[in-house]
Amino acid sequence: MSQATNDIEKDILLSHFSLENLNEGVFWIRSNGQIFNVNQRACEMTGRSREELLQMKVPELNASAEVQDFTAFWKKLKQKRKFVFEAQHRHKDGHLYDVEISGNFIEHDGEELTCSIVRYLGKEKLEQQLLRTITEVTSGLTGINFLEKIAKSLSTLLQMQYATIAQCKEGDTTEVRTVCIASGETILDNVDYDTKGRPCELILQDKNVFVSRDVQKIFPEAKGIEASLGVPIHSSVTGKIIGHIIVSHTEPVSDDKNQTTILKIFASRVGAEIERMTAEKRLQQKNEELRNRIQESELYHYTLENLNEDVYWVDIDGNFIQVNQSACKTTGYSKDELLKMSVFDINPSESKNAWLTHWQEVKAEKSITLITQHKHKEGYLIDVEVTNNYIAFEGNEFFCSVVRDIRRKRMEEELLKVISEATAGLTGVDYFRELAKHVTSTLGVRYAIVTECANEEKTRVRSLSYVDRQELKENVEYDLAGTPCETVMKGKDYFCANELEKIFPREKGIQSYVAVPIYSQATGEVLGHIAGLDTEPMSPNQNQTSILKIFAARAGAEMDRLDALRRLEKANEELKRLLTESEERFRDLFEEAPIAYVHEGLDSKFIKANRAALKTLGVKPEEVLTMYGLSLIPDTPDAQRRAKEAFESIGRGTDTSGVVLELRRKDNGQPIYIQWWSNPDKSGQYTRTMFVDITDKVLMEQEQARLKAQNQYLQEEIKLNHNFEEIVSKSKSFHKVLQQIEQVAATDATVLIVGESGTGKELIARAVHNISNRNKRPLVKVNCATLPANLIESELFGHEKGAFTGALERKIGRFELADGGTIFLDEIGELPIELQAKLLRILQEGEFERLGNPKTFKVNVRVIAATNRNLQQAIEKKEFREDLYYRLNVFPVSTPPLRDRKEDIPLLVKHFIHKYEGRMGKKIKDVSPEVINALMYYQWPGNIRELENLIERALILTTGETLEYGDWLPMAKTTNGNGEATHATARTMEEVEKEHIISILKQSK
């Protein structure tokens, strides 16, 4: 084989190995869209094996609309021969990722082919999106709004849980205080924390941090955090570290999130000094051996020759071994010329020593990307991005260098970075001046101007800043007609690279022009414009309208702010005038108002009070500043509850209206009642309170309630069915009782009525009351035997609302109802022993407390008690207090049983017949003597109550006008000679009287 053939084969094999080791994916595609060959990088990017990709067609992989009709796409490719476009590829797991595709049309051995070079744009896209989006959304913002917007945008755009901007505490880098913490669009509460054991500790040592997973293992204090990204913030004055920006996530993240370069730009803005550093993604280490070299090498050779990127094969000495056609086009040299040259000929900054060092670095890392400049054949320098890939082949070492022209990209980044950095923190005229200066320097134009509309018709503009070669010129005002500014002021971007004066003769001497309108963020109308002009032509790279729009948005916001500030200052002047005029009037209104006004803190501490309030509360003017409203609340459950509910309401910021509160005057402690309105201030620092004195109204309502309860009780008493309407008796023994009643009635002495059940003890009590001096006030009855033990205290002394479960409202007790009158305690012997002490107290001192109210009430009540029990025996059994017995037994009255006053039976029979005959619709004119005889003979264990019930039953059974003898009569029990009980038969009146006389005589022996 000839040497020429060997060189060709070696050249082909070198091309084959180079393509397999490229960091870009390479796809060979037929005219029907079928993929028939790929390199290893294509497999890595798509997540598919080579075999899987060779079974696919382009539309299955490429999600963009441009290639879905592949026939049309191929036809277009065949015409243009080359193509470059951005698209999205679908990964094997389903997600889409951004790529840049460059390729060409190839005819080889009679077959139509294309080779597509696919470059992953994921990180680059995210970087650009962060830079543009955050700059746009923060344009026009200052202070905390600016910081919060940056934090929100970083968390949202990076799709990470938290974004934090923190500041060192007092220059100490071991403790920080957060300025803002964002979680998506939510701003969280600020915190202070120690940086030790956290990523912040490393960042504040002036180091960038990016950890994609297992942050908590590296930094044990970063609880719950899996991934973290952060950079330091430097002072724009001293250069010292003053804080940091850190973005973190609770789950692992991909390497795309490594955006420390972008974070540094915004860290510089926060610290008023921006310095953007770009970090490119390294090429992946090549994983597979080159295979199928001979079969595919010729295709690789054609592909590399037709790539849009410059490709150089370089040996260890820096000599070019092979170049593609794109390298020739970029540098201006032919292939023969380049193959006689070295790296040092086209890269003036590269030295041989530096080259050898760089060679070893690439050999170790396999791939390194750097930014440098290449020299064109005509002498000018070109900004380029170079990716050097190390390749070892058959014992030889090579670089396969892929070179991209980044002049336009660098200009955009420089413009954005420099202007952002220079104008950060500036406002007003200073902002407009710096903006114009840096537009000239970064765009490379002679003039820059920032204007605003000069009239309502928007036919004239005036400059806010006008710069000629960095020198500020005097502001000008001019008509828009016949200028390119007229087009811009209609809301359109405008770029003219050359011969502007031919289109707009007024612009004499101006050859090029680029401008964008400035819009109001508040109204959307055009406020002015930003323009760059030059007396020389501009290159297409100087068409930076997209970047100018970002700063036009900030300029619009600044114009809106200045306009709002002017209007605010004018409004403030008017407000001051009005306040001055009305201050005295409102002061007089506050002091002289008939309604009480108090300004007080949420803890009730007085701040200010008017005369009406001081008079109502009994507070002196000098006592206001040490006064707490809650100190006037009495110590009762109801009053404390109402006050607590009212102040809890204003503590929540709720308007509290119409609450009735019970207070005690400061000067004399007298009770007062107020109706209270309080409206808390929006700041949450104090509340505005007004109230009116309703003491007279409340006391009147309380008296009405007492009288109502008393009236209700009396009405219920009227409804009771008493044993007698009046005292009916001719018995001498009962006559003695009546004498006792007359003797004690005129006094206030306590009366104890004893006697068997049914002997008329309640009637005696009513008689004592009716002929006493208290007969104008009520007689209140309490049956101690019928009330449950747990309710007797409440019935006697009353209770407050909420004093116990079920106490839904205040209840006035029987003693309070009987104030000024008489209380009748029936069946006093049944009173529980635990209440007897309280009863003793009220008998001795006239004092008691309601349940749930520590306040002592005094009453003037006469007590009449009654019992059918032997209280002395109860004392011996410890069932009745001895001291209470002696206090009740001041004036004892004993009611005789009916069997000891049988002479009253005929009178009582007539009385009860008269009482019930009308109710039953009957008229009884006579009573049979046999009936009277039988009733006189009976012993009446149930006394008068039994007789009354018996007569009522007799009337029911009687059909005529005479009450006849019958089965309704009681049968007296007697005993015969054998001691057996028998029922006595009815006898005559004479027999009964005779037996009674004999019985009396026997007792008197």
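Colleague: Which residue of β12 is the bridge partner of S228?
Modeller: In this predicted model, S228 has S248 as its bridge partner in β12. S228 is also the bridge partner of V211.

Colleague: What makes β11 and β12 a pair of strands?
Modeller: Count the bridges. Eight of them join β11 to β12 (residues 241–249). Pairing needs at least two, so these strands pair. They run antiparallel.

Colleague: How do you know that β10 and β11 pair too?
Modeller: The test is again at least two bridges. Strand β10 (residues 209–211) and β11 have three, in the antiparallel sense.

Colleague: Why is β11 called largely enclosed?
Modeller: Strand β11 covers residues 227–234. Seven of its eight residues are buried, so the rest of the structure largely encloses β11. Buried means under 20% relative accessible area.

Colleague: How do you know that the buried residues of α5 lie on the same side?
Modeller: Helix α5 spans residues 70–80, and its F70, F73, W74 and L77 are buried. They cover an arc of only 100° around the axis, which places them on the same side of α5. Residues three or four places apart in an α-helix point the same way, because there are 3.6 residues a turn.

Colleague: Which residues are exposed on the other side of α5?
Modeller: T71, K75 and Q79. Exposed means over 50% relative accessible area.

Colleague: What do the buried residues of α5 pack against?
Modeller: Among their partners are β1 (25–30), α4 (58–61) and β3 (82–90).

Colleague: What makes β14 and β15 edge strands?
Modeller: The open sheet has five strands in the order β14-β13-β17-β16-β15, paired antiparallel. β14 (320–323) and β15 (367–375) each have a single partner strand, so one side of each lacks a neighbour in the sheet. The twist averages 30° from one strand to the next.

Colleague: How many bridges join β15 to β16?
Modeller: Nine, to β16 at residues 381–393. In β16, N389 is the bridge partner of S367.

Methods:
Residues numbered from 1 in each chain as written. Predicted model: local features only at pLDDT ≥ 70, side-chain atom pairs only at ≥ 80, totals over all residues. Heavy atoms only, no water. Buried < 20%, exposed > 50% of the residue type's maximum accessible area, 1.4 Å probe, protein only. Helix = DSSP H or I, 4+ residues; strand = E, 2+ residues; numbered from the N terminus. Arc of directions from axis to C-beta. Contact = heavy atoms within 4.5 Å. Axes fitted to C-alpha atoms, helices over the stretch in contact; angles between N-to-C directions.
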